[in-house]
Amino acid sequence: MSDERQRPGVTSGELPGGLEHGEETMVLHAEEVTGVRKGWRGIGYVRARKRVQTSKVKEDLPYDVEDLDLERQPVAETDSGEIETLPDGSVSIPVYAEELVVTKRTVLKERVIIRKRTVTETMRIESELREEHVEIEADKGVEVRGDV
């Protein structure tokens, strides 16, 4: 073996790439961002729920009732509901009252539309990137030429 010291990355024997005796090469590396993955993750839910609200209605509505100052008797099972002349000569007239019948119906009030939208936001990422540099230190009296 000659007086030259062996260094990592340099082999003895034939020199590559037309290097002259005493020249060495060093390969430098640097990291760079090649991409950032994006993915979806659930951050919550939106719930839509129907709520039924009831309210009481109190309203005075007019209705008609026939009324006379006469003797009143309860209706008998044999009553025909027609005007009748009784044996004593009086007239028996059925009296009717209006009966209020409340009906309700469901009506379409409105439609609610729920839409999803995608919002793009920006997020700052921080990472450490490594980059290799070469520092050349030469002994006193050794001249270094070229880009360093």
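How many salt bridges does a search of the whole structure find? The search returns two, a salt bridge being a side-chain nitrogen of Lys or Arg within 4 Å of a carboxyl oxygen of Asp or Glu. The model is predicted, so local features need pLDDT of at least 70 and side-chain atom pairs count only at pLDDT 80 or more, while totals for chains, interfaces and linings use all residues. Residues are numbered from 1 along each chain as its sequence is written, and side-chain values use heavy atoms, with hydrogens and water left out.

Confidence comes next. The chain has a mean pLDDT of 79, with 83% of its residues at 70 or more; pLDDT is the predictor's confidence in each residue, from 0 to 100. Residues 1-7 have pLDDT below 50, and this stretch makes five contacts in the model beyond near neighbours in sequence, a contact meaning heavy atoms within 4.5 Å. Where pLDDT is low, the predicted coordinates should not be read in detail.

As for the overall architecture, the chain holds two strands and zero helices. Both kinds of element are DSSP runs numbered from the N terminus (helices: H or I, at least four residues; strands: E, at least two). Of the 148 residues, 0% count as buried, where buried means under 20% relative accessible area, exposed over 50%, and partly exposed in between (1.4 Å probe, protein chains only). The accessible surface of the chain is about 17800 Å², and carbon and sulfur atoms contribute 48% of this area. Such areas come from the Shrake-Rupley method with a 1.4 Å probe; for residues, only the protein chains shown count as cover. Among contacts between residues at least 6 apart in sequence, 52% join residues at least 24 apart.

One of the salt bridges pairs R130 with E31, with 3.6 Å between the closest N and O atoms. Because R130 lies in the segment after β2 (91-92) and E31 in the segment before β1 (84-85), this pair ties together parts that are 99 residues apart in sequence. R130 is exposed at 62% relative accessible area, whereas E31 is partly exposed at 40%. In the pair R145 and E143, the closest N and O atoms are 3.2 Å apart. Here R145 is exposed at 70%, and E143 is exposed at 60%.

The surface also carries a nonpolar patch formed by V33, V36, M123, I125 and L129, with about 570 Å² of accessible area together. Patches are made of residues with over 30% relative accessible area and no salt bridge, like charges being joined within 9 Å and nonpolar side chains (Val, Leu, Ile, Met, Phe, Trp, Tyr) within 5 Å.
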